Amino acid sequence: MTDLSLYRNIGIFAHVDAGKTTTTERILKLTGKIHKTGEVHDGAATTDFMDQEQERGITIQSAATTCFWKDHRFNIIDTPGHVDFTVEVYRSLKVLDGGVGVFCGSGGVEPQSETNWRYANESEVARVIFVNKLDRMGADFLRVVGQVEKVLGANPMVMVLPIGVEEDFTGVVDLLTRKAYIWDDSGQPENFEISDVPADMVDQVEEYREKLIEMAVEQDDDIMMAYMEGEEPSMEEIKSCIRKGTIALDFFPTYCGSAFKNKGIQLILDGVVDYLPCPTDVKPQPLTNEEGEETGEVATVSIDEPLKALAFKIMEDRFGALTFVRIYSGVLNKGDSILNSYTGKTERIGRMVEMHADDRNEISSAQAGDIIAIVGMKNVQTGHTLCNPKFPVTLEPMVFPEPVISIAVKPKDKGGSEKMGIAIGKMIAEDPSFRVETDIDSGETILKGMGELHLDIKVDILRRTYDVDLLVGQPQVAYRETITEAIDETYTHKKQSGGSGQFGKIDYRIKPGEPGSGFVFSSSVVGGNVPKEFFPAIEKGFKGMMNEGPLAGFPVLDVEIELYDGGFHAVDSSAVAFEIAAKGAFRQSMPHAGPQLIEPIMKVDVYTPDDHVGDVIGDLNRRRGMIKDQEKGVTGVRVKSDVPLAEMFGYIGSLRTMTSGRGQFSMEFSHYMPCPNSVSETVIAEVKERKEQEKKAKN
């Protein structure tokens, strides 16, 4: 069995175009996993193996690979940077022990970096930072370090300083050893010399080295006392302090270099070995009950414990379904029977493989700490726990964001319907943020996702991978409805027709809830006018009606319902009668409670060159945007704003036109806000018209 202290499960994550995939390629080359480096701009990167990734030069799905450095086994996941695919980052962070956050030396801390950093904080993943692209124009290592402190509220620990900037960038100085690593112009990572610190950098190196040691020794009182008395700690003591602080998330060792030019990667790999946790160093995964509440127990990482593993990703490839699994404890052998605690069904393990992007190596057993893929599992979905049938457990499940945009699609020919159904079933299993519904009235298939690019890629996959040609409708916004007024009303459900009747009377108060609260039900009935056993039925009745609001049939959000009185009949009252009463009460009251249409507001982050700032802000204002902040950088300005999703369709084209192709933007869902009356009236009229047309088509 492998020593778990030699394992490093790490993810590489950053904003679009900061160089994650290029960094991964360089790591694979340095560790001997690949012999020829593939470039993203040539569509030849190892971990970007989908056609869509190679054409667009972006990462769409996370890819797993394994390599070795200084006797340590690295399980690496290269994640996407685009906001539409953050679900890939989220679920990867969920099963990793450490990460490498990559930032662009000139772009600095960009929008998606913030989202990924927040996810990593929530998942309590220790990280080292790599400031990449220091050979770029406008690159400034210490400026990015300052942004990490200011924008992310993090504590970067500078481990190296760059030698030269922009096109004169030749290498780095390792502050701990006071040695300079200088690469030649061959572009080969192994062609470097170790020399003394350049004379003009000696003072700066000493200043930053002192800061580094002061930050590190705070982790150990004895070492700190000795240091304050003038005794410099040994290299082992400093490294153990840095490791302790990194795992505790007190600070983040920060490196710099140029992945594309192969400069500085070795020191990051050493940093991963020295400072990032092995599987036994991190807080164990909590176990939960069937409702998803924590039981107080944890999945201790150990080979000797019963099997506990989490399925974190499903992927279809040319050989069938692959289930990516992180094993937290125990050992898994080929031929074992395991329990899926979510479905309660057992499955036999046929083939297990170790992944290298889309290549695979057959293995016969895996153990705690491993990230592997199992071939051909049935009924397993993302977030399901796999465990020993004799010791059933449930690991903390994953929570995925709700989609904010939808499109209607239908196959061009009749034969495509069945193919599309099978393909979409596979795609939903792969991506939990992708949802599909069938419109009962029109019979159309509605695809729902996180953004235009997300759905664009899904349609492209259906066409190319599954050979389903589609007619695609206009993108639709996920509007919702809420109420603005509180009302008290009474509703009685009474039915008498042979045999036992039905009776349920409820006095209730409906009022607007807190934003983001969804649906809240409470009861203040005293004196037994409505027996307690009927409360769940009343709640179920109200909750069941929240799917369709009174204005245009959109789901209802943020409503509080309080049951404060009512009446019942000793014979005729039943749970069903009270559930029907609640449904009738909802229909009766909602139109009178000031119903209002609300729309999704997106957090939009635009990067624009200085000379186009006015155009960009003017355009965002025309789109009903609220400008929140402007931040000047070296090569341009970042404009942060909140803009309704309905106004953002096709924005990338407008931005490119305005900025001569130099602007970039990212957006993610922020919150719901009331629609202006003019927008609300248009949307409601469109929905009514569509329903009329569907009615006519049916008749």
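Asp 71 counts as exposed in this predicted model, because its relative accessibility is 66% and a residue is called exposed when that value is over 50%. Its place in the chain is the loop that runs between strand β2 (63-69) and strand β3 (72-78). Most residues other than glycine have a negative phi.

A second residue with a positive phi is Lys 133, for which the angle is about 60° although the residue is not a glycine. Lys 133 is likewise found in a loop, here the one between strand β5 (126-132) and helix α5 (141-152). Is Lys 133 buried or exposed? Lys 133 is buried, because its relative accessible area is 12% and the limit for a buried residue is under 20%.

Along the chain, Arg 435 and Lys 448 are 13 residues apart, and their C-alpha atoms are separated by 5.0 Å.

The next step is a pair of helices. Helix α14 is formed by residues 613-622 and helix α15 by residues 651-658; the two pack with their axes 10 Å apart and at an angle of about 150°. Therefore α14 is roughly antiparallel to α15, as angles over 145 degrees fall into that class. The crossing in which α14 passes α15 is right-handed.

Which residues of α14 and α15 meet? From α14 come Asp 615, Val 616, Asp 619 and Leu 620, and from α15 come Tyr 651, Leu 655 and Met 658. Sorted by class, this contact has 5 nonpolar residues, 2 charged residues and no polar ones.

These details belong to a protein chain that contains 16 helices and 37 strands. The chain has 699 residues, and 54% of them count as buried. Its accessible surface comes to about 30,800 Å², with 49% of that area belonging to carbon and sulfur atoms. Contacts may also be considered by the separation of the two residues in sequence. Among contacts between residues at least 6 apart in sequence, 71% join residues at least 24 apart.

Notes: Residues are numbered from 1 along each chain as its sequence is written. This is a predicted model: local features need pLDDT of at least 70, side-chain atom pairs count only at pLDDT 80 or more; totals for chains, interfaces and linings use all residues. Side-chain values use heavy atoms; hydrogens and water are left out. Axes are lines fitted to C-alpha atoms, for helices over the stretch in contact, and angles run from 0 to 180 degrees between N-to-C directions. Helices (H or I, at least four residues) and strands (E, at least two) are DSSP runs, numbered from the N terminus. Angles under 35 degrees count as roughly parallel, over 145 as roughly antiparallel, 65 to 115 as roughly perpendicular and the rest as oblique. A crossing is left-handed if the near helix is turned anticlockwise from the far one by less than a right angle, and right-handed if clockwise. Contact means heavy atoms within 4.5 Å. Ala, Val, Leu, Ile, Met, Phe, Trp, Tyr, Cys and Pro count as nonpolar, Asp, Glu, Lys and Arg as charged, and the others, Gly among them, as polar. Buried means under 20% relative accessible area, exposed over 50%, partly exposed in between (1.4 Å probe, protein chains only). Accessible areas come from the Shrake-Rupley method with a 1.4 Å probe; for residues, only the protein chains shown count as cover.
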